[in-house]
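Here's a quick walk through some ring contacts and helix packing. Have the structure open and follow along.

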Amino acid sequence: MALLLRFVRARFWLAMLVLAVACSPKGTMDEEEDPIVAPTLYTLTLPATFPQSPTIPTDNPLTNEGVALGRMLFYETRLSRNNTLSCGSCHQQSKAFTDGRARALGVDGRQHPRGAMSLTNLLWETTLNWDGAATTLETQARIPIENEVELHQSLAAGVAKLQQTDLYPPLFLKAFGSKTITEENTLKALAQFERTLISANSRYDRYYAGNRSVLTPDEVQGLMLFNNHPEPSHGIAGANCFHCHGGTLFTARDFFNNGLDLSFADNGRGQATGQSFDNGKFRAPTLRNIALTAPYMHDGRFATLEEVVDHYSDHVQRQSPNLDPNMLDATNVPFGSQLSLSATQKRQLVAFLKTLTDTTFVQDKRFANPFTP
């Protein structure tokens, strides 16, 4: 009998609960009862000349809602300790997502030992940062947020700030199915946005597609120098660039010692791997939009492209430990010890590098700060 009474009471209170929900005014239900609509897949158009099988994590597919949220988070200053800086502070669209500084500045005005890298075409990158310490965009995004000389705030603290706003919980619901903001979903949204930053519409691309009139004779000569290994005994001039910056992505996506120093204040790749044979090696960045990303090298030591070309032509430290072998036998003069480009060849090479600027990329409103009118 007691069991029957408990059953009847349970049915009664269940009926009361159903009636209360049915009669409640529209919009007063708990957030967990808000309708959850699956996010819509983002249409990602890959340039025909680029690799066609980039790796996108199966647990973080691109969606319209996720990309839109990631764009907002990319420019969100609440992710910094004092609410003054965002990812977009060091990665500015007008500079091909760099900041124009030799070394990046964090929230306390402290200088980072390295410059901010361009975020161009990260969809194809499998190792990130100058030293390759991160292997996915999801894991990489945490590094600058929590680094004490960058945004200097735990991701957990940033997430707590976002949770307290009226703006973000509904956006996370649309992108990930819950108003509860998590560190994982914050990183996933940032990664989704960054994977859409594709640049493939420079004058060089139009030339490559068959419009031969878009490059000048000097620019074409610069392209030939770029893609040639010099063979002076056969009358072949070359700048030897393609070994590290070849292909349509203009990066070998690997790490090289390019002869900057005889000893290393920064071990680069070796700092991440702990292997002495990696000391002095840094990731070869893409050369797309290179004219917009000065100053150059991991520490911003060269202010201009002309200075960069001068280094490779005349000032490679051939005794540098772990120097890339392709730099040891590259010379334009018989039995030379340096690449030794002529003044004309240097000018032609710089002219070609400037054809890699994609003005549509740096003006694309899809990548712009959504908080700026």
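## Charges over rings

Start with Arg-269: its charged end sits over the ring of Phe-255, 4.4 Å from the ring's centre. Keep in mind that this is a predicted model. There's another arginine to look at, Arg-212, which lies over the face of Tyr-207 at 4.4 Å from the ring centre.

## Aromatic pairs

How many aromatic pairs are there? The count comes to 15. Take Phe-50 and Trp-124: their ring centres are 5.1 Å apart and the planes sit at 85 degrees, over the 60-degree cut-off, so this pair is edge-to-face. The two partners come from distant parts of the chain, 74 residues apart. Phe-50 is in the loop between helix 1 (2–23) and helix 2 (64–74), while Trp-124 is in the loop between helix 3 (87–90) and helix 4 (137–140). Both Phe-50 and Trp-124 are buried.

Now for Tyr-204 and Tyr-208. Their centres are 5.8 Å apart with planes at 35 degrees, which falls between the 30 and 60 degree cut-offs, so the pair is tilted. Both lie in helix 9 (residues 203–208), four residues apart, or about one turn of the helix. In an α-helix there are 3.6 residues a turn, so residues three or four places apart point the same way. Tyr-204 counts as buried at 8% relative accessibility, whereas Tyr-208, at 46%, is partly exposed.

There's a cluster to find as well: Phe-74, Tyr-75, Phe-97, Phe-193, Phe-361 and Phe-367 form one aromatic group.

Is helix 8 largely enclosed or open? Eleven of its 13 residues are buried, so the rest of the structure largely encloses helix 8.

Helix 8 covers residues 183–195, and at 1.5 Å a residue it should span 18 Å; the end C-alpha atoms are 19 Å apart, which agrees.

## Where helix 2 meets helix 7

The axes of helix 2 and helix 7 come within 8 Å and cross at roughly 145 degrees, and the crossing is left-handed. On the helix 2 side, the contact is made by Glu-65, Gly-66, Leu-69, Met-72 and Leu-73. Helix 7 contributes Tyr-168, Leu-171, Phe-172, Lys-174, Ala-175 and Phe-176.

Technical notes. Residues are numbered from 1 along each chain as its sequence is written. This is a predicted model: local features need pLDDT of at least 70, side-chain atom pairs count only at pLDDT 80 or more; totals for chains, interfaces and linings use all residues. Side-chain values use heavy atoms; hydrogens and water are left out. Rings of Phe, Tyr and Trp (its six-membered ring) pair if their centres lie within 6.5 Å; planes under 30 degrees apart count as stacked, over 60 as edge-to-face and the rest as tilted. Helices (H or I, at least four residues) and strands (E, at least two) are DSSP runs, numbered from the N terminus. Buried means under 20% relative accessible area, exposed over 50%, partly exposed in between (1.4 Å probe, protein chains only). A charge sits over a ring if NZ of Lys or CZ of Arg is within 6 Å of the ring centre and within 35 degrees of the ring normal. The expected span of a helix is 1.5 Å times one less than its number of residues. Axes are lines fitted to C-alpha atoms, for helices over the stretch in contact, and angles run from 0 to 180 degrees between N-to-C directions. A crossing is left-handed if the near helix is turned anticlockwise from the far one by less than a right angle, and right-handed if clockwise. Contact means heavy atoms within 4.5 Å.
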